[in-house]
Amino acid sequence: MGLDMYLRGHKFTPTCTDIHKRPIVDGYEVESIDLTLGYWRKHWELHNHIEEHYRRNREIREIYFTADDLREIADDVEADHLPEGDSEFQLQPEQIAKTIKTFKDAAAWMDRDDGFWRTVTYYGSW
């Protein structure tokens, strides 16, 4: 069975401050953008770890993370604290390093203090 996994960033431009002006696209203000922060295919161990430890509400499809959550996941991957499995990602050092970097970079992105409001979400699709 296939599994596509997405780590997305949502960047919102508030109007309550004058720090940033919203750009205009096709005659309309752009209030926010979505960014692809990470993507994995068939990394069941990572998916199961996220589902087990970070899903707070079974009714909501997306999982919302704090910056601390993202750093914790990076630490868990680095310490090999994912569930056992035979995924190619879990076995390849370059994929492990890429996954750790993806989560650490997402945490740093959330921590930016530049006037934008940010959220990071995860969802897996199969």
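At what angle do helix 1 (residues 44-54) and helix 2 (residues 67-78) pack, and how far apart are their axes? The close-ups below, all taken from a predicted model, begin with that pair.

**Figure 1. Helix 1 against helix 2.** The two helices pack at an angle of about 135°, and their axes lie 12 Å apart. Angles over 145 degrees would count as roughly antiparallel, so helix 1 is classed as oblique to helix 2. Helix 1 passes helix 2 in a right-handed crossing. From helix 1, look for Leu46, His49, Ile50 and Tyr54; their partners in helix 2 are Asp69, Glu72, Ile73, Asp76 and Val77. Sorted by class, this contact has 5 nonpolar, 1 polar and 3 charged residues.

**Figure 2. Glutamate 52 in helix 1.** Staying with helix 1, this view picks out glutamate 52. Glutamate 52 counts as exposed because its relative accessibility is 57%, and the cut-off for exposed is over 50%. Lysine 101 is 49 residues away from glutamate 52 in sequence, and 21 Å separate their C-alpha atoms in space.

**Figure 3. Helix 2 against helix 4.** Here the axes of helix 2 and helix 4 come within 8 Å and cross at roughly 165°. That angle is over 145 degrees, and the two helices are therefore roughly antiparallel to each other. Their crossing is left-handed. On the helix 2 side, the contact is made by Ala67, Leu70, Arg71, Ile73, Ala74, Val77 and Glu78; helix 4 brings Ile96, Thr99, Ile100, Phe103, Lys104, Ala106, Ala107, Met110 and Asp111. These residues divide into 11 nonpolar, 1 polar and 4 charged.

**Figure 4. Helix 4 from end to end.** Helix 4 covers residues 93-111, and its 19 residues should span 27 Å at 1.5 Å a residue. Which residues of helix 4 are buried? They are Gln95, Thr99, Ile100, Thr102, Phe103, Ala106, Ala107, Trp109 and Met110.

**Figure 5. Tryptophan 126 after strand 6.** Tryptophan 126 sits in the segment that follows strand 6 (117-125). With a relative accessible area of 54%, tryptophan 126 is exposed. Cysteine 16 is 110 residues from tryptophan 126 in sequence, and their C-alpha atoms are 39 Å apart in space.

Note on methods. Residues numbered from 1 in each chain as written. Predicted model: local features only at pLDDT ≥ 70, side-chain atom pairs only at ≥ 80, totals over all residues. Heavy atoms only, no water. Helix = DSSP H or I, 4+ residues; strand = E, 2+ residues; numbered from the N terminus. Buried < 20%, exposed > 50% of the residue type's maximum accessible area, 1.4 Å probe, protein only. Expected span 1.5 Å × (residues − 1). Axes fitted to C-alpha atoms, helices over the stretch in contact; angles between N-to-C directions. Parallel < 35°, antiparallel > 145°, perpendicular 65-115°, else oblique. Left-handed = near helix turned anticlockwise from the far one by under 90°. Contact = heavy atoms within 4.5 Å. Nonpolar A, V, L, I, M, F, W, Y, C, P; charged D, E, K, R; others polar.
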